[in-house]
Amino acid sequence: MIMSSKIQALAVLAAAVALSAGPAFAKGPVPDPAVKDFQRVVDAAHAKYKDLKDGKNADYIPILTETPSDLFGVVIVTKDGKVYSAGDVEYKFSIQSVSKPFTAALVMAQQGPEVLRGKIGVEPTGMSFNSKLALAVYEDSKNPLVNAGAIAAVSLVQATSEQDRWNKVSQNLSDFAGQPLTVLEKVYESEYTTAFGNRGIANLLYNWGRLYSEPEEALRVYTRQCSVGVSAKDLGLMGATLANGGVNPVTGKRVMPAEHVPELLAVMATAGFYDESGVWMYKAGLPAKTGVGGGIVAVVPGRFAIAAFSPRLNEAGNSVRSMKAIQDIAAELGVGVFGPNPN
Ligand code: DON
């Protein structure tokens, strides 16, 4: 068939564009323009905050006082699984509240986002993570990232027994990380034997018909979930799975439906830092989740994750150096979701 001269001209133009963009344009994913800067910004953030001593280890879970306070790791993991790191990125610490969005993802995957919204809620509370006042307003204002909502999320996981509930929660966290994660048993013992506040929360929720399993079962599985050992690199891979639309970049396994990733990131953006969420979004502009073990993971949707670990926390229970390192990197790379944030 003879092509018209107009179609021929278009074909030549398309070929020229493809050639000028190089083979990455013609085949495979478009490289992230920030890639060449990743190692530089990770190294710079680590060097800048390495000697900062502000804050202190969490102590309401007694064993967390024993984590060496000077440990500090920073990592970027891209949506295709490339790792750029500095410092202590292999040290295993307890995931704590960073586990919460991933179990919320499991509930969404099993039962859809309306169950999460209807039975727990997705409103920022403006409360600290363990606030009893947050319970008092539970009927109107709650989400799966404060303890009340996170314990309820564990109870919502569809399971036939406590062991089955734990297997599903644990397998889901491992699938996000792309490798088997295990519980730090000493952290579990330390937290479960002192979990008076969370036990109170679980019992009140049950009393109000807002818990969907027996309360002590939900408390045990929730506490085990928080005691799972992760490294900063593991957190980076979990975040990269969200950046990659719910598919782990290393294993290629789909861990959650792609269509629910934006909903989960929205909850992380509005409530990932509890009563500090506004300041966090103001400064970093990225959906993220923090934990009292010292870990934080932030997600640049569709591109990469930034994770950090440092045990010393501020008054709101968020890691001082991890926050600063991630904020700096987000500003340096200009990746805040509302536009580049100044440093
Ligand atoms: O339930 C608790 O209190 C802990 N297992 C988790 C709290 C936490 O990590 C809050 N995050 N900054």
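Trainee: Is aspartate 37 buried, partly exposed or exposed?

Mentor: Buried means under 20% relative accessible area, exposed over 50%, and partly exposed in between, with a 1.4 Å probe and protein chains only. Because its relative accessibility is 21%, aspartate 37 counts as partly exposed, and arginine 40, at 46%, is partly exposed too. This is a predicted model, in which local features need pLDDT of at least 70 and side-chain atom pairs count only at pLDDT 80 or more, while totals for chains, interfaces and linings use all residues. Residues are numbered from 1 along each chain as its sequence is written, and side-chain values use heavy atoms, with hydrogens and water left out.

Trainee: Which residue does aspartate 37 meet in a salt bridge?

Mentor: Side chains of opposite charge can pair when their charged atoms come close. A salt bridge is a side-chain nitrogen of Lys or Arg within 4 Å of a carboxyl oxygen of Asp or Glu. Here the side chain of aspartate 37 meets that of arginine 40, at 3.5 Å from N to O. By this rule the count comes to 18 salt bridges, including one between lysine 82 and aspartate 80, whose closest N and O atoms are 3.1 Å apart.

Trainee: At what angle do helices H8 and H12 pack?

Mentor: Helices are DSSP runs (H or I, at least four residues), numbered from the N terminus. Axes are lines fitted to C-alpha atoms, for helices over the stretch in contact, and angles run from 0 to 180 degrees between N-to-C directions. Helix H8 (residues 162-177) and helix H12 (residues 232-243) pack at about 85°, their axes 7 Å apart.

How values were computed:
Helices (H or I, at least four residues) and strands (E, at least two) are DSSP runs, numbered from the N terminus.
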